[in-house]
Amino acid sequence: AFPTFAVIPAFHTRMDLTEFLPSFNPMMLLHGEQFVEILRPIPTEGRLQCTTQVVDIQDKGKGLTAAGRLTLADNEGNVIAVSEATSFIRGLGGFSKKPGFKPVEGPARSAAATAANIIPKRAPDAVCSQKTTEEQAAIYRLSGDYNPLHIDPEMSKMGGFKTPILHGLCTFGYAARHVVKLAAGGDASKLKNIKARFSSTVLPGETLETSVWADKNSKNKVLFQVRVVERDVIAISNAAVEFSSPVAITSNPKL
């Protein structure tokens, strides 16, 4: 199983943010960041114990960010992977300015989950690109993400988009495969953790270009970003992958 499979069980578990937040239009929620940490190889079959937890809520003025953690364990309780998704909800900000507001200390998070991951001001060490298909969102939907924003034109318009956009996690999967190819010789078992910020939307059919930079502070880490070639916008930024062994960056991998 490819490491980013760890995000999939979240589609089938329950973490109702309305238990902690005022009611809001789901079309105003955008996936902001994603972090995955692999502690044991993900089995290709079996049963997982999935536990959800809200780990952070931050006031961003015009909206807020809410981070939820999904912990995947086997039947013996051994943690296999941790997946943290941060959502940006438009229109719910400003609560920290209200009288009597008291911040609540959240549970501890790993340094990799909250790292800024600023790319160097130099040309990337390697680049690869891959074109998505016009049916990409419909295909990715089969993994369990049934958000109508990605399939129904009328619902996407309610969210402020002219046409259904590709799932951020689909772009995340493309990027992870690219980075594994570019920095680990295609060996996904070496991936320890991956963190990404969704900076712009992707439309099904557009081309994703992933660039990687070796991290001068860690021989096992690379920084990366994803650009939408057709519109020259950055879809994924502030992103990094840490491997279990030193990276060996190669150019022009076979995808």
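Predicted model: local features only at pLDDT ≥ 70, side-chain atom pairs only at ≥ 80, totals over all residues.
Q: Let's start with annotations. Which residues does the "MaoC-like" domain cover?
A: An annotation marks a span of the chain. UniProt, in an unreviewed entry, gives "domain: MaoC-like" for residues 120-237. Such annotations may be inferred rather than shown by experiment. Now look at the span itself. Residues 120-237 are 24% helix and 30% strand.

Q: Which residues does UniProt list for "Peroxisomal multifunctional enzyme type 2-like N-terminal"?
A: The record, again an unreviewed entry, lists residues 1-91 for that domain. The span is 0% helix and 48% strand. Its end C-alpha atoms are 38 Å apart.

Q: What is the volume of the second largest pocket, and which residues lie nearest its centre?
A: Its volume is about 440 Å³. Ile 57, Gln 58, Phe 95, Phe 101 and Val 104 lie nearest the centre, out of 22 lining residues. Strand 2 (residues 49-59) gives the most to this lining, with six residues. By type, the lining of the second largest pocket has 13 nonpolar, four polar and five charged residues.

Q: Let's take one of those residues. Where is Phe 95 found?
A: Start with the element, then the neighbours. Phe 95 is in the loop between strand 4 and helix 1. It is in contact with Ile 57, Gln 58, Asp 59, Leu 64 and Phe 101, leaving aside neighbours within four places in sequence. Phe 95 and Gly 63 are 32 residues apart along the chain, and their C-alpha atoms are separated by 9.4 Å.

Q: Does Phe 95 count as buried or partly exposed, and why?
A: Phe 95 counts as partly exposed because its relative accessibility is 23%. Buried would need a value under 20%.

Q: Which residues is Phe 20 in contact with?
A: Phe 20 lies in the segment before strand 1. Apart from neighbours within four places in sequence, it is in contact with Val 54 and Ile 57. Ile 57 is also among the residues nearest the centre of the second largest pocket.

Q: Why does Gln 34 count as buried?
A: Gln 34 counts as buried because its relative accessibility is 2%. This residue is found in strand 1. Its side chain has a polar contact of 2.8 Å with the side chain of Ser 83. Not counting residues up to four places away in sequence, Gln 34 touches several others, including Val 7, Leu 169, Phe 172 and Phe 198.

Q: Where is Glu 206, and is it buried or exposed?
A: Glu 206 sits in the loop between strand 6 (191-198) and strand 7 (207-214). A loop residue can be read the same way as a strand residue. Glu 206 is at 8% relative accessibility, so it counts as buried. A polar contact of 2.6 Å joins its side chain to that of Arg 231. Beyond neighbours within four places in sequence, its contacts include Gln 130, Lys 131 and Thr 132.

Q: What does Arg 122 touch?
A: Leaving out residues up to four places away in sequence, Arg 122 touches Trp 213 and Ala 214. A polar atom of the Arg 122 side chain lies 3.4 Å from the backbone oxygen of Ala 214. Arg 122 lies in the loop between helix 1 (111-114) and strand 5 (126-131). With a relative accessible area of 41%, Arg 122 is partly exposed.

Definitions and conventions
Residues numbered from 1 in each chain as written. Heavy atoms only, no water. Helix = DSSP H or I, 4+ residues; strand = E, 2+ residues; numbered from the N terminus. Buried < 20%, exposed > 50% of the residue type's maximum accessible area, 1.4 Å probe, protein only. Polar contact = N/O pair within 3.5 Å; in protein donor to acceptor, adjacent residues only side chain to side chain. Contact = heavy atoms within 4.5 Å. 1 Å grid on protein atoms, 1.4 Å probe; cavity = no way out; pocket = protein on both sides within 12 Å on 5 of 7 lines; lining within 4 Å. Points joined across faces, edges and corners; volume = space filled by probe spheres on them. Nonpolar A, V, L, I, M, F, W, Y, C, P; charged D, E, K, R; others polar.
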